[in-house]
Protein chains: 2
Amino acid sequence: MKEYNEYLQLVKDAISNIRLPQQPAGLYDPIRYTLDCGGKRLRPVLTLAACQAMGKEPMTAIHQAIAIEMFHNFTLLHDDVMDNADVRRGRPTVHVKWNQETAILSGDAMLTTSTMLLAVKAGEHLAQALELFNGTAMNIYEGQQYDMDFEQRTDVTVEEYMEMIRLKTSVLLGCACAMGALMAGSPFETQVRFFDFGVNLGLAFQLQDDYLDTYGDPATFGKAIGGDILNDKKTWLLIMAMKEDESGEIASLLGHTDNPQEKIERVRAVYDRLNLPERIHELISAYIDSAIKNLDHLELGPEARAFFMDVALKSATRNK
Amino acid sequence: MKEYNEYLQLVKDAISNIRLPQQPAGLYDPIRYTLDCGGKRLRPVLTLAACQAMGKEPMTAIHQAIAIEMFHNFTLLHDDVMDNADVRRGRPTVHVKWNQETAILSGDAMLTTSTMLLAVKAGEHLAQALELFNGTAMNIYEGQQYDMDFEQRTDVTVEEYMEMIRLKTSVLLGCACAMGALMAGSPFETQVRFFDFGVNLGLAFQLQDDYLDTYGDPATFGKAIGGDILNDKKTWLLIMAMKEDESGEIASLLGHTDNPQEKIERVRAVYDRLNLPERIHELISAYIDSAIKNLDHLELGPEARAFFMDVALKSATRNK
C-alpha cells in the first residue's frame, strides 16, 4: 500500500493528463476550470487504494478513479446552478464566471466525459463498472431531488434526512471503494463490503460536515460558521431540535434573518441544551464503527486495513 | 423489412415499457412527461431499420434505439432551458411547467438513463456502442456551444454554419443509423457508411427546417412562420443574405422588431431577390444525393434500399 499523498499524486497526474479539445472554448474552458479546483480527491484515492488492497496495481483502476472524480465535479457544477451558489472553494462558480447556459452545457459534457473515462481500459469489467456507476448516479440525483423537496417541507424526519444524505453524498464514496475492488477482479461480495464501508464513511463525513458548519472554528474550517442556521437548512441538528425543543424557541427563530449573529447564537444555545453536539458525535462514531466492521469482514492485510481505518477516523474527527 | 409505422410501433411500445421509479416524483415525473411528447421518433426507427437491413431482427437493437431517443429528448430538455423556450410541441416546457432546477436535474437523470439503456443486452458490442454514443454526445454539445457562440457574432461563415448543424443535429442521425448496423454485427466500414448516410440526411433535414421556418405554410408547419427572421437567427438563409446583399437592406433590418410582419416580408424579399429558396433546395438535393451514394455503397437489398431512400426523399420534401 501507498500513503494517501502518493495515491493523490497519481490522481493529480492523471487529471492533468486528460486531454480536452481547445475548441469550442466556451464548452471546454469551464471543464478545465472545474477540474482545476484542487480538493482532497478522496473518492479517486479510495478507488486506487481499494484496487491495491485487493492485490492489483493501483493504476489498474486509474481511469475509473478519475471518472468518479469527474462525475463528482459535474454534480457540484450543476448543484451550484440549482442552489444559486456564487462561490465554490474560494473561487466564483462557473455560472457566475461564465453564465448559466455554459454551466449547464459544460456539466452535461463532464457527465458524458466521465462515462467515457469509465470505459477506458475497463476490459471485461466494463458492463459491471457501468452498472455500478450509473446506478450510483441515479441515487445521487434522487438525493439532490429530496434535498430540494425538503426545503419546502417542515415535517422532515431524521430517517428521511439520513436517507437523503445516503443518496446524495454517501453512495458515491461507496461506489468509489467498490469500483477499485471491481477493477481488481474481486468477487461481488467483496465489492459490496467495500461499498458499505464507503457509505458508512460518507454518512459520518456528512454529519461531521453538519457539525462543523455550526460548531467549527472559522479559522480552520475555511468558511463562515452558521450558514446552515441562517438558511434554516434542515440538517440533522435542526431536524432533531425541531422535534425535541418544547420551548418554541427554534420555531420562533425559523425564517428570521434580521440579526444573523444573534440567530446563530440562540439556535446554538438550543442545540447545546438538547445536548446535540455530543449526540451527533455518538452517531458519527456509530457509523465509523459500522465502517470498521465492514473492514473486518474484508480481512485486509495490515497495511491496507491501517490505510482505510485512518481515512475513516480522520473523516470523523476532521476540523476542516 | 417493415414499414415505418411498424418500426414506430416497436419504439412506442419499448418507450412505454421503460419502468422509472415513482419517487421522488419531482425527478421522475418530468422524465415521463418529456418522453410522452410523441413525435416521429425518426432516430430510433432508423436504428431498428438499419439493424434489420443488416440481416438481424430489429428488436436486437431496441434498447440502443430507445437510448438514442432518450438522449435526444434530454438534449431538447436542456436546450429549452438554455434557450429559455416556453413551448415544445405545443406543450409547456419542463422548466415552465415545473421549474429550472427540475429541468436541469431531470435532464441529468435522462442522460444517465440513456447510457443505462444503451448497455442493456449490448453484449459483445457494449464498448463500441458506448464509444459511438459518447463521441456523438460530445459532438452535440460542441454544436450547441457553437450555436450559442454564433448569436454573439456577425461574421459567421456558411462553412461554420454547416459544421455547427452537422455537430448539433446531424451526427445523432448518423449515430442512430450506425448503431443499428453495429448491433447487427456489421463491420466497421458498414457502420461508417450508415453514419455518413445519416449525417447527410440530417444536413438536408436541418436545411429544410431553415427553409420551412421562413417559407412554410403555417397551417401544415404547425407553428408560426418567420420566427428565425424575427430572432435574427443565423440560418443558412440569413448568413447567405448577409454575405451577398449589397443593398444594405438586411443589415438595416437586423436588431429591429418594432414591426414584425413587415420585417418578415422585407427579409423574405431579399432572400427571394438573391434566389435563396431555389439555391437552398439545390443544396438540400446535393446532400440527399450524397446520402443516396452512401446507400449505393452499402449494397442493400431492394426493400431496405427503398426504405432508406423513402426516408431521405421525404426529409428533403417534407412541409412540416
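This is a predicted model: local features need pLDDT of at least 70, side-chain atom pairs count only at pLDDT 80 or more; totals for chains, interfaces and linings use all residues.

**Exercise 1.** Work out how chain A and chain B are related.

*Solution.* Start with the general idea: two copies of a chain are related by a rotation about an axis and a shift along it. Here, a rotation of 180° with 0.0 Å of shift along its axis places chain A on chain B, with an RMSD of 0.0 Å. The two copies are therefore related as by a two-fold rotation axis. Both copies use the same surface, since 100% of the contact residues of chain A recur in chain B.

**Exercise 2.** Find the place of B:Gln208 and decide whether this residue is buried or exposed.

*Solution.* First, locate B:Gln208 in helix H9 (residues 188-215) of chain B. Next, take its relative accessibility of 3%: buried means under 20%, so B:Gln208 counts as buried. Finally, look at the side chain, which makes a polar contact of 3.1 Å with the side chain of B:His281.

**Exercise 3.** Describe the ring pair of A:Tyr7 and A:Phe307.

*Solution.* Over all chains there are 22 aromatic pairs. In this one, the centres are 5.4 Å apart and the planes lie at 85°, an edge-to-face pair. A:Tyr7 belongs to helix H1 (residues 4-16) of chain A and A:Phe307 to helix H16 (residues 302-317) of chain A, 300 residues apart. A:Tyr7 is buried at 0% relative accessible area, and A:Phe307 is buried at 9%. To finish, note that both rings belong to a cluster that also includes A:Tyr4, A:Phe194, A:Phe197 and A:Phe308.

Notes. Residues are numbered from 1 along each chain as its sequence is written. Chains are lettered from A and ligands numbered from 1 in the order in which they are written. Side-chain values use heavy atoms; hydrogens and water are left out. Helices (H or I, at least four residues) and strands (E, at least two) are DSSP runs, numbered from the N terminus. Buried means under 20% relative accessible area, exposed over 50%, partly exposed in between (1.4 Å probe, protein chains only). A polar contact is a pair of N or O atoms within 3.5 Å; within protein, one must be able to donate a hydrogen and the other to accept it, and residues adjacent in sequence count only if both atoms are side-chain atoms. Copies are superposed by least squares on the C-alpha atoms of residues with pLDDT of at least 70 in both. Contact means heavy atoms within 4.5 Å. Rings of Phe, Tyr and Trp (its six-membered ring) pair if their centres lie within 6.5 Å; planes under 30 degrees apart count as stacked, over 60 as edge-to-face and the rest as tilted.
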